[in-house]
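Please look over the sequence and the structure shown below before reading on. The briefing that follows is grouped by topic.

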Amino acid sequence: MNYSSFITKVLEEASHIANDKFGKVTGTIKDGDHNQVLTEADLAIGSLIIKQIKREYPDYNIIDEEAGVIDKKSEFTWVVDPIDGTSNFANGIVTYGIMIGLLQNATPIAGGITLPYFKELYIAEKGKGTYYNREKITVSTDEKLSNSLIAYGIDGHPENPTETYEEAKLLGELVLHIRNLRSSNSAFDTIQVAKGSYGGMLNRTSKIWDNIAPHIIIEEAGGVYTDFYGKSMDYSHPLTRVHEYFTFCAAAPEIHKQLQGIIHKQ
């Protein structure tokens with residue numbers, strides 16, 4: 001089945017809402033996690049996307065970051081992040097995105113990311129490549145980590161400061177081996193990897209909705225998408241895992257190998 005036209009249509013509509021509300025809303029901190037922010041734009045965009053999915057794919061499951069789980073007992077699950085980078089969005093920073101991914105059982109098979117401020121839309125389907133407009137994009141072909149910009153998203157853990165200190169130590173080691181560090185901690189970083197501007201991106205505190213669209217987009221652009229330690233991503237039983245933290249290491253193939261080499265030396 002061709003999902004690209006549906007994803008394109010929905011993300012274009014969602015972009016209009018985001019651009020209309022950008023700079024006009026403020027964020028509130030979610031209960032229990034000071035790193036997570038919510039705005040009325042998240043709710044409006046999520047509502048739109050869920051409505052469109054229910055209309056076009058009424059028998060498919062849905063996971064939405066804000067609305068939660070809609071279980072239709074299907075092998076197909078749409079995974080929605082209404083605004084990826086809400087903290088950026090709420091503070092008037094343009095590096096945010098909207099993401100939709102589709103799982104068949106535990107396998108990402110389609111996905112799209114739009115960067116509304118930049119009016120850019122990226123689509124991928126399994127076996128078909130990743131496209132910006134009608135142009136196929138690919139990850140970086142530079143095989144030297146020392147030439148690469150690498151994105152790293154890191155959240156603080158006041159409840160366990162040692163965890164943050166240890167992660168910061170590893171981050172320092174990575175920085176010593178790359179050209180420069182970048183971090184919007186949002187879908188913006190995904191796109192930079194997919195189109196070859198960044199060599200890779202890493203995160204140890206993501207959720208399932210942070211991964212499905214990026215996974216298929218980077219993989220179809222020729223990249224490698226694993227957990228932080230190089231193991232295959234596990235999305236089995238996705239409806240039961242909305243509260244679980246996922247890690248990822250996504251990069252051009254040779255850069256991924258070198259990043260893993262540094263991670264496993266620590």
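Which backbone nitrogen lies 3.0 Å from a polar atom of the side chain of Asp227? It is the backbone nitrogen of Gly230. The model is predicted, so that local features need pLDDT of at least 70 and side-chain atom pairs count only at pLDDT 80 or more, while totals for chains, interfaces and linings use all residues. Residues are numbered from 1 along each chain as its sequence is written, and side-chain values use heavy atoms, with hydrogens and water left out.

- Asp227 lies in the loop between strand E14 (224-226) and strand E15 (246-251), where strands (E, at least two residues) and helices (H or I, at least four) are DSSP runs numbered from the N terminus.
- Asp227 is buried yet has no salt bridge, and Lys231, the nearest side chain of opposite charge, is 5.9 Å away; buried means under 20% relative accessible area, exposed over 50% and partly exposed in between, with a 1.4 Å probe and protein chains only.
- A salt bridge is a side-chain nitrogen of Lys or Arg within 4 Å of a carboxyl oxygen of Asp or Glu; for charge, Lys and Arg count as positive and Asp and Glu as negative, and His and the chain ends are not counted.
- The side chain of Asp227 also reaches the backbone nitrogen of Tyr229 at 2.9 Å.
- Leaving aside neighbours within four places in sequence, Asp227 is in contact (heavy atoms within 4.5 Å) with residues including Thr247, Phe248 and Cys249.

**The five-stranded sheet**

- An open sheet with mixed pairing is formed by 5 strands in the order E12-E11-E13-E15-E14, two strands being paired if DSSP finds at least two bridges between them.
- Strand E12 (180-182) and E14 stand at the edges with a single partner strand each, so one side of each is left without a neighbour in the sheet.
- From one strand to the next, the twist averages 15 degrees, with axes fitted as lines to C-alpha atoms (for helices over the stretch in contact) and angles running from 0 to 180 degrees between N-to-C directions.
- Strand E13 (residues 200-206) pairs with E15 in the antiparallel sense over 5 bridges, and Leu202 stands opposite Cys249 in E15.
- Helix H7 (residues 253-263) lies across E11, E13, E14 and E15, and runs at about 130 degrees to E15.

- In strand E8 (residues 120-125), 6 of the 6 residues are buried, so the strand is largely enclosed by the rest of the structure.
- Both faces of E8 are covered, with Glu120, Tyr122 and Ala124 buried on one side and Leu121, Ile123 and Glu125 buried on the other.
- Strand E7 (residues 107-115) pairs with E8 in the antiparallel sense over 6 bridges, and the two form a hairpin with 4 residues between them, where Lys119 in the turn has a positive phi of about 55 degrees.
- E8 also pairs with E9 in the antiparallel sense over 4 bridges, and Gly129 in E9 is the bridge partner of Glu125.

- Most residues other than glycine have a negative phi.
- Lys73, in the loop between strand E4 (68-70) and strand E5 (76-84), has a positive phi near 60 degrees and is exposed at a relative accessible area of 71%.
- Asn133, in the loop between strand E9 (129-132) and strand E10 (135-137), has a positive phi of about 55 degrees and counts as exposed at 59% relative accessibility.

Terms used. A polar contact is a pair of N or O atoms within 3.5 Å; within protein, one must be able to donate a hydrogen and the other to accept it, and residues adjacent in sequence count only if both atoms are side-chain atoms.
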